[in-house]
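Subject: Two-chain model for you

Hi,

Here is the structure I promised to hand over. My notes on it follow below.

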Amino acid sequence: MIVDSRSDRQVLPVRAAVAAEAVTMSNRLSRALGRGSGTVVGGRIGLAIDPRLLVTLAEGRRVALVTGTNGKTTTTRMLATALAASEGLLVVSNHTGANMPAGHVAAMVGSTREVPAVLEVDEGYLGRVMADTGPRTVVLLNLSRDQLDRISEVRMLADRWREALGSPGRTTAGGSPPAVVANADDPMVVYAASAAAGVHWVGAGQAWRNDAVGCPSCGGRIVFDDTGRKGPDGANGADGADGAIGADGADPADGADGSDPADGAQAGQGGHGGHGGWSCERCGLSRPRCVAWVDGSVLALADGSRYSLDIGLPGQFNRSNAAMAAVAAALTEGEGAQDGLGWSRGVSRAVDHIARVREVAGRFSHVSRRGRAVRLLLAKNPAGWTAIFDLLDEGGQTCEPVVLSVNARIADGLDTSWLWDVPFERLAGRVALATGDRRLDLAVRLRYAGVECTVVADPVAAIDRAIDCTQQTAPHAAIDFLGNYTAFADMRSRL
Amino acid sequence: MSSVDRNAMLTIAVIFPDLLGTYGDGGNGLVLARRASWRGMDTELIQADSGRPLPTADLYCIGGGEDGPQVRAAEALRADRSFGRAMEQGSVVLGVCAGYQLLGHSFPDRDGRPHDGLGVLDVTTAKGGGPRAVGELLASVTADAPRLPSGRLLPLLTGFENHSARTTLGQDAKAVARVVRGVGNGAGDRTEGAWSDRVLGTYLHGPVLARNPALADLLLGWALATPGSAPVALEPLDDRDQEELRGERLASVGRTRPALLIRRRGGRR
């Protein structure tokens, strides 16, 4: 389990000790005042007293960092769970999603350096946090457009990651360069990670490709080859009928559509494990050879072993997150069993532990309202919404009403133009309600998507309306609530 | 091509959504296509990806994107003669942000180096000295702005801007609007956007045509008219949801503190 250990304190230099005490105190105060968990406030105060507090706390400690546009919080939770369970150890983690240095400090304060830390890192902070913590493992999930008014464009981020990963010698903490676990199916990630020394490539999949057509390395054109890459859930490539960018000439995969997972090793493996999948026409940047890859609902390792990804969280993207977390867990464990049988066993063990995660910070959780189940889903950007639509399709029930809530506060990004990159056309036929601060933007988008919607100002009232609307037609159908960052947080606090 | 025959197919192409589709501007193509088809016109919407010849269209939309892809898109369009031919035949073009900049004579890359644009709009874009212009943009059209079929002016333009370069208008281009709130072209004259003939550029995202349906109908009116003649008047649509959105956005401009702070901190350009 993930527990903030507060019993045996780390012996710290005076300044760091004062700073650490301030973090603990202010967190306690903030919690007492009911102002949330207080992790960010405490961390900020601590860093103000001792700017090197993060370095001090991470020194001599096993640290794993998880970053990417989507899936950070979930993958962090999975990795922390796997590590804690397999080692019977305490693990500290910034599980509230406070993913900048203040949150990292707050997560580590009060625990000894024997306690490993699994830290979610904001995409823009990877370089600094790597330098300060000297991590053993760095997990790179994906990079796509998100909050363009606040966060850098995708290629700038990829360049910054590349710089950070290419110069691990800069780490304040010293030590050996980290083991990098990187998603081979995202060209942006591959460009960034290929600067690192020891990369463990995982074919985790990436349904969203609209940010990766121009090669991040040379500006050439990246061509995706989907032959043999369609697992049982790989409907993404064929779904070009939406208003967003259509898929290139969909290529009907041969019989490899997952009918017989056991035979997958022959059928589609050229694309999964080996090269292929995608490459740049100009400079040849291409999908690297993988040590592990997701084949439908199975995690396949290069040594031929295969583990079922029958996990507690829904959706193909969570199987991707689980694959990344499992590989990272095996590399972070103990003395770092790097390769061979021990590694494979470590991955297998991690998958078992990860399977038990059923909810992450309220995401994917079910709440009950007026006798109906309401499922809370977070979707922050076009890639995230697309992945959630895949999840809705997996359910196969179009009678389930959807309540869509969109805000545009600072943490969400102030510009709602991204709504037009989301394939809302896929919701046609469902009962849809638009709510949140920017429900009017959403309503216009839905009208042009051919989705009829009802606009309700208050999000909880919108859920009630969804219940009322379907009381006759589908009285047992669950309500799916999809909200972006602050819209989701609001709903979670109210239900 | 650009015929007045309303039974003919109206073709709308979004140019290079794979390169210049970063800021949701692909929605402009969808808005145009839907508004035409809601009026009973046969409409085709083409997502014209890079790497293949540009299709012929009555109306082209080019959106915003990152610096590298913008340079690539300009190179590809300069090399593809079909864009120039379409221009000669009077196709209508809407360029937004990076797409607006590349319609001009030159635009800067990330390091400020100028690259040749398409030169179909008499504007020049250079790297801006100040902070990035990020926030709600509100602009009122000038007397120079293109007229609606009725001869009236377009209503207030609303959208979201996110750019750092500044665009200077030459003699052959007219400003679309004067900035009420925000930065716009940013070259010191408080103008926003530029147009000449049947080419219009703007810094407004949103997408601009979802936030300003009258502008969408004006572009459709151009595409349906013979080059050189007045835009065709289109029957009105039920735009209550868009009017409501516009009302809410216009009212919000006074409240968008964060965006204003970003700009004020760096001072005026």
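A definition to start: two strands pair if DSSP finds at least two bridges between them. Helices (H or I, at least four residues) and strands (E, at least two) are DSSP runs, numbered from the N terminus.

Some housekeeping. This is a predicted model: local features need pLDDT of at least 70, side-chain atom pairs count only at pLDDT 80 or more, and totals for chains, interfaces and linings use all residues. Residues are numbered from 1 along each chain as its sequence is written, while chains are lettered from A and ligands numbered from 1 in the order in which they are written.

**Chain A, nine-strand sheet**

Chain A has 16 helices and 17 strands. Nine of its strands form an open sheet with mixed pairing, in the order β2-β3-β1-β4-β5-β6-β9-β10-β11 (chain A). β2 (92-93) and β11 (306-308) of chain A stand at the edges with a single partner strand each, so one side of each has no neighbour in the sheet. β2(A) runs parallel to β3 (residues 117-120) of chain A, and two bridges join them. Val92(A) sits opposite Ala117(A) in β3(A).

Angles run from 0 to 180 degrees between N-to-C directions, and axes are lines fitted to C-alpha atoms, for helices over the stretch in contact. Contact between two residues means that their C-beta atoms, placed from the backbone, lie within 7 Å. Helix α6 (residues 126-133) of chain A lies across β1 (63-67) and β4 (137-140) of chain A, at about 175° to β1(A).

**Chain A, six-strand sheet**

Another open sheet, again with mixed pairing, has six strands in the order β12-β13-β17-β14-β15-β16 (chain A). Its edge strands are β12 (366-369) and β16 (453-455) of chain A, each pairing on one side only. The twist averages 25° from one strand to the next. Three bridges join strand β15 (residues 432-435) of chain A to β16(A), and the two run parallel. Ala434(A) is opposite Val455(A) in β16(A). Helix α15 (residues 459-469) of chain A lies across strands including β12, β13 (372-378) and β14 (402-405) of chain A, at about 170° to β15(A).

**Chain B**

Chain B has eight helices and 13 strands. Its C-alpha trace spans about 55 × 40 × 30 Å along the principal axes. Buried residues (20 or more other C-beta atoms within 10 Å of their own, C-beta atoms being placed from the backbone) make up 54% of its 269 residues.

The axes of helix α1 (residues 26-38) of chain B and helix α6 (residues 213-224) of chain B come within 10 Å and cross at roughly 70°. That makes α1(B) roughly perpendicular to α6(B), a label for angles of 65 to 115 degrees. Val31(B), Leu32(B), Arg35(B) and Ala36(B) in α1(B) meet Ala216(B), Asp217(B), Leu219(B) and Leu220(B) in α6(B).

**Where the chains touch**

The contact takes 28 residues from chain A and 34 residues from chain B. On the chain A side, helix α14 (residues 439-448) of chain A gives the most, with six residues.

Best wishes

Note on methods
A residue is buried if 20 or more other C-beta atoms lie within 10 Å of its own, exposed if 12 or fewer, and partly exposed in between; C-beta atoms are placed from the backbone. Angles under 35 degrees count as roughly parallel, over 145 as roughly antiparallel, 65 to 115 as roughly perpendicular and the rest as oblique.
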